[in-house]
Amino acid sequence: MGLYVEARIRAGLDEVWDRSQLPDRHQRWDLRFSEIDYLPCAPGEPQRFRYATRVLPLLRVDGTGVSAGERNRPDGTRTSALRFSSAHPLSLIEEGRGYWRYVPEGEELRFLTGYDYRPRWGRFGRAVDRLFFRPLMGWATAWSFDRLRLWCERGITPERSLCHALAELFVRIAAVLVTAAVVPVAAAVGPVLAVAGAALLLPPLPVTPAARRCLRRPPERAAGRSESAAAPTALLATLEPS
């Protein structure tokens with residue numbers, strides 16, 4: 001898969017499953033989506049859903065998808081696979097697929113995802129995706145996973161953690177601006193660069209979500225490939241159009 005993110009969460013499997021599978025809870029912590037709604041489907045069929053992302057105050061980019069989940073596997077893990085697509089002309093993502101996996105390990109839960117997609121707009125779209133959009137999506141996924149971790153581990157709601165993140169960002173930017181305004185112009189470059197470097201490199205507060213806390217590459221296994229990164233092909237096959 002093109003993108004991989006993994007978080008370790010000290011919480012129960014059922015809690016993380018519900019907060020990532022139920023639309024009204026999922027949309028609260030996932031920065032990539034503004035709305036997620038289930039669509040009607042017949043009993044026994046994979047669940048269809050609609051998603052939307054608010055790009056600007058009056059502009060939404062939407063799409064649809066279908067998902068299927070395995071709740072009770074012999075090894076204690078759970079997996080959810082999905083396919084998604086968007087017909088919106090402003091959506092860089094044309095179609096894609098991915099999975100969520102929940103792996104209990106002692107008091108922790110490894111919550112991980114792998115997904116990939118095909119960009120539209122030809123060569124221009126592929127260039128924009130490679131240079132800007134795909135790195136942004138990877139960062140947003142990891143930041144959101146840590147936001148979910150804070151909700152599950154510390155009881156910090158997604159709304160509060162966003163406020164913490166914005167407040168910390170404001171303080172870091174303000175420190176750079178104040179230094180630039182106070183230090184004499186002739187000697188400003190060194191101090192400003194030092195403060196800017198500290199603002200970028202200092203770790204975030206424990207109550208602030210951070211993408212750097214998540215694993216961004218599949219862990220290597222003894223067999224030379226990552227078992228956890230392997231897409232659940234059998235489950236994805238159930239989502240193929242009939």
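C214 is buried, at a relative accessible area of 7%, where buried means under 20%, exposed over 50% and partly exposed in between (1.4 Å probe, protein chains only). C41, in contrast, is partly exposed.

| Residue | Relative accessible area |
|---|---|
| C214 | 7% |
| C41 | 30% |

The disulfide count is 0, taking a disulfide as a pair of cysteine sulfur atoms within 2.5 Å.

A word on the source: this is a predicted model, where local features need pLDDT of at least 70 and side-chain atom pairs count only at pLDDT 80 or more, while totals for chains, interfaces and linings use all residues. Residues are numbered from 1 along each chain as its sequence is written, and side-chain values use heavy atoms, leaving out hydrogens and water.

C214 is also one of the residues that F145 touches, along with W29, W100 and F111 among others; contact means heavy atoms within 4.5 Å, and residues up to four places away in sequence aren't counted. F145 and F111 are among the residues with the most contacts inside the largest nonpolar core, which has 32 residues. Such a core is a set of buried Ala, Val, Leu, Ile, Met, Phe, Trp, Tyr and Cys residues joined through side-chain atoms within 4.5 Å. The helix α3 (122-154) is one of its suppliers, and gives the most, with 8 residues. Helices (H or I, at least four residues) and strands (E, at least two) are DSSP runs, numbered from the N terminus.

Now the sheet: 7 strands form an open, antiparallel one in the order β1-β7-β6-β5-β4-β3-β2, with strands pairing if DSSP finds at least two bridges between them.
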